[in-house]
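The sequence and structure come first.

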Amino acid sequence: MTMQTSVFSLDQRAMELIERKFRKKLLIAEARADELFGVFQQELTEEETWALKFLFAYMPVNDLADYDGNLFLSHVRRTLDIRRQVPWGERVPDHLFLHFVLPYRVNTENIEDSRGILYSELADRTKHLPMADAILETNYWCHEKAAYIGSDLRTVSPLTMIRNARGRCGEESTLTVAALRSIGIPARQVYTPRWAHCDDNHAWVEAWADGEWYYIGACEPEPLLNQGWFSPPARRAMLINTRISANYEGPEGITLAEEWFTEINLLESYAPTRTITVLVKDEQGRPISGANVYFELYNMAELYPIAVLPTNTQGEASFKTGLGDIVIRAVKDGRWGEDKINAAHGEPIELVLDQAQQPDGTADFDMVPPPERNGEAADPLSEERILRHNSRLEEGARIRSGYEHTFLDEEHASKLAEAAGLPAERVWEVLRKARGNSREIAAFLRERSSEYGEWPLLLLESMNEKDLVDTFRRALDDHLTGSLSQRGELPQNIFIRYILCPRILYEMIMPYKRLFQDSFTEVESTAFREDPSELVRRLDREWELWEDLPNLKGKGNPAGTFKIKKGDRISLDILFVAVCRSLGIPARLHPSEQKPQFMMNGSWQDALFAHGTMPLQTVKKDNGYLRLLRDNEPSAEAPAASYSENFTIARLENGIYKTLFYPSGKTDVYDESFEVEEGSYRMTSGIRLKDGTVRVRFSYFTVRAGEQTDIPLTFREALLEIPVLGTMYRNHALTLLDGSNKTIGELIGMSGAIVAWMEPEREPTKHLIREISELAGPFDEIGAPIVLVAGDSEWASSFDPSRYPQLPACTLIVRDSAYAALPGFISQPPASEAGFPHLFVLDGQDQIRYTASGYKIGTGKEAFRILTGIYQHFAERSGIE
């Protein structure tokens, strides 16, 4: 007797849930019913039907708006076919298949029918391997296709990542998850929203093999699973999680279960944890349900919520986190309570919502991250396996470098510029940024410049660098011709930035200008141009606010949002700006507030949308001015002001501080006043110490309409410790780029230096090189030698020192074949496990006064501070002014 199971082992309750949510999506996407759900009229198997229903049931509104059902049916059929072909297909349980193989989306990337393409690349390489080895092999393939580079927050698709051959960690992990899923291996992108011990965040990959989940560094292969340069930082994390578009009921701990997604907490697989229980009460001591509890870390000079959880009917919210400090803020109806705790203590926390006005003055406190911990000792690898792994890394870098050499070069750019009558330098800059898409961009310039002169080039120059790698002629033609038809009498700089430019926030650039121009009558368009508030009222009346996945807010394509007549608040704001620009109305999202605005009579006006919110939020607030003042008595250790690096400004809105958007690294903060909305504000400043602790200061103030508020930007004192940690051996020889040899002593001189051993292909080294490059001016002022050392195995074919022209002029890049010059303590934990780069700051007596190993954002700035202190001490002793 055999027991018959339902499709995908779904029980009756699960099938009813999927059916109910699917029916709801039929109503939500009614405006696009034929394009999306017409595929159900085709002949489908039971598996295909339920796979499609599962995807549609949890599909975010942006995807319902932007893509057609045929794309999802193709994806489903290819995925089911792959499951039947791969050797481990039957071993993957149905619940893992549904949640970690079938999904078409990994992050916020543009969706393409890529599963079959990726499978064709990987099938032969992996079909004879054990499942765990197939994971490793897939990561070697990803390494051949892409490497790390920092970039903006928009996530490109896996195919664009391959075309571009580089991307940030969120894009590397998106590619790797998509690749693993393409051969039927369950995979998920996991991430720490923010680190506690340093700034920034990180994403990597977990993959399932024969009953167990393993982690890997995306596009950064290791010879074994559960290895990566981020292993030591992960042991100091306060949250590591992933989001699943489903009502997931797996064995992992759940951080948040919403109607359309589940967030699972994976931290205990990486670090020690404690569960914090917060009880929220009113002033009469009664529990409050439905309050939002924010669990906040200091990162990038703000308190960032790594989790926001609602209280239950007993007024409680529980959160599993690491053993570091965390700020907990509970909010409901504009009232709040707040406390800072050390999560290691683990006692229940009680917060009373008894505050409705912010305090005055300043508040100082420390934020201490979880301590460093050693990991479990890994079994040593044989010399043969190490050599084989290094050979694979070099081979992958060589393959990728060979592909990059197929991009159009400066000679092609020069010829194109000459033929099109355009400046060669500007054409080359655009083609250089376009990388693997350079031929598409060149074709656009070639085809359109004869008719439109410089305008096609100006269009390309108005876009973000990343846009040039995945924007194609159809979209470019639409924005070019659709914009020039609305040229009018606008000044060129206004026309380019706020009409011609297709980039609004972080949405995918698609054609829409002709669509919007054809969607309104001439009478309607004229009315909108005369008073854009009419367009605001039209969109407010006919388009519905719909929120589902938090990470997809603002990612909707304006054309899709327009057609489905629904979207999240930011996507609706983007739609407004897109329609305005299509009709010749200059429009933007405010640079620091991110609210929609249109230009009338030469000045910016707020687009006052209701978007289903309280009427109070549609009332325009008047602006005031904020002027930052220099500290009259700064401490010697006070850093130079830099927005998002050591200070930010946030406005209090309904009990929550919302950080204002200004360019990261903005330093000209004293030059002119900031125009901001009236209201209550908090300025956060911080100095991070070597162990990751931050000395934080809150400064509270109020900005009144039409008035200027002067606030000093101050930092707490942080004693600069410069201990003696060891001595650098001066006589070891290093090899210069020209092949000659010099000793370390000859390279560093006698007055202090920085020496760093690095792995140029790895993300931690790339962060360090970027930080040192950003400090090129200050480093050049003190003239200290900076020696960057790579070993033979790291001197891969793709590493070209000439690619780092922004490094300080005093930088030397050299080779140390066996890393023989590295100080001995680097071979011991924690430095040995942290890995490269290994950085040392030396004084004039070759004494090591500072060292840092592995991944830590801010190492470059710390090294500069220490080196500056050494030089100041030397100057004082020498009597130098």
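Does Arg 538 count as buried or exposed? Arg 538 counts as buried, at 16% relative accessibility. The model is predicted, and a search of the whole structure finds 71 salt bridges.

**Salt bridge within a helix**
- Arg 538 forms a salt bridge with Glu 542, with the closest N and O atoms 2.9 Å apart.
- Both residues are in helix H21 (residues 533–542), and being 4 residues apart they are separated by about one helical turn.
- Glu 542 counts as partly exposed, at 31% relative accessibility.

- Asp 467 and Arg 503 form a salt bridge whose closest N and O atoms are 2.6 Å apart.
- Asp 467 lies in the loop between H16 and helix H17 (473–484), and Arg 503 in the loop between helix H18 (492–500) and helix H19 (513–519), so the pair ties together parts 36 residues apart in sequence.
- Asp 467 is buried at 0% relative accessibility, and Arg 503 is buried at 8%.
- Glu 454 forms a salt bridge with Arg 426, with the closest N and O atoms 2.7 Å apart.
- Glu 454 is partly exposed at 35% relative accessibility, and Arg 426 is partly exposed at 25%.

**Salt-bridge network**
- A network of salt bridges links Glu 593, Lys 595, Asp 606, Arg 651, Glu 653, Lys 658 and Glu 677.

**Packing of H5 and H7**
- Helix H5 (residues 69–85) packs with helix H7 (residues 115–126) at an angle of about 25°, with their axes 9 Å apart.
- H5 and H7 are therefore roughly parallel to each other.
- The residues of this contact divide into 2 nonpolar, 4 polar and 2 charged.

Terms used: Residues numbered from 1 in each chain as written. Predicted model: local features only at pLDDT ≥ 70, side-chain atom pairs only at ≥ 80, totals over all residues. Heavy atoms only, no water. Axes fitted to C-alpha atoms, helices over the stretch in contact; angles between N-to-C directions. Helix = DSSP H or I, 4+ residues; strand = E, 2+ residues; numbered from the N terminus. Parallel < 35°, antiparallel > 145°, perpendicular 65-115°, else oblique. Nonpolar A, V, L, I, M, F, W, Y, C, P; charged D, E, K, R; others polar. Salt bridge = Lys/Arg side-chain N within 4 Å of Asp/Glu carboxyl O. Buried < 20%, exposed > 50% of the residue type's maximum accessible area, 1.4 Å probe, protein only.
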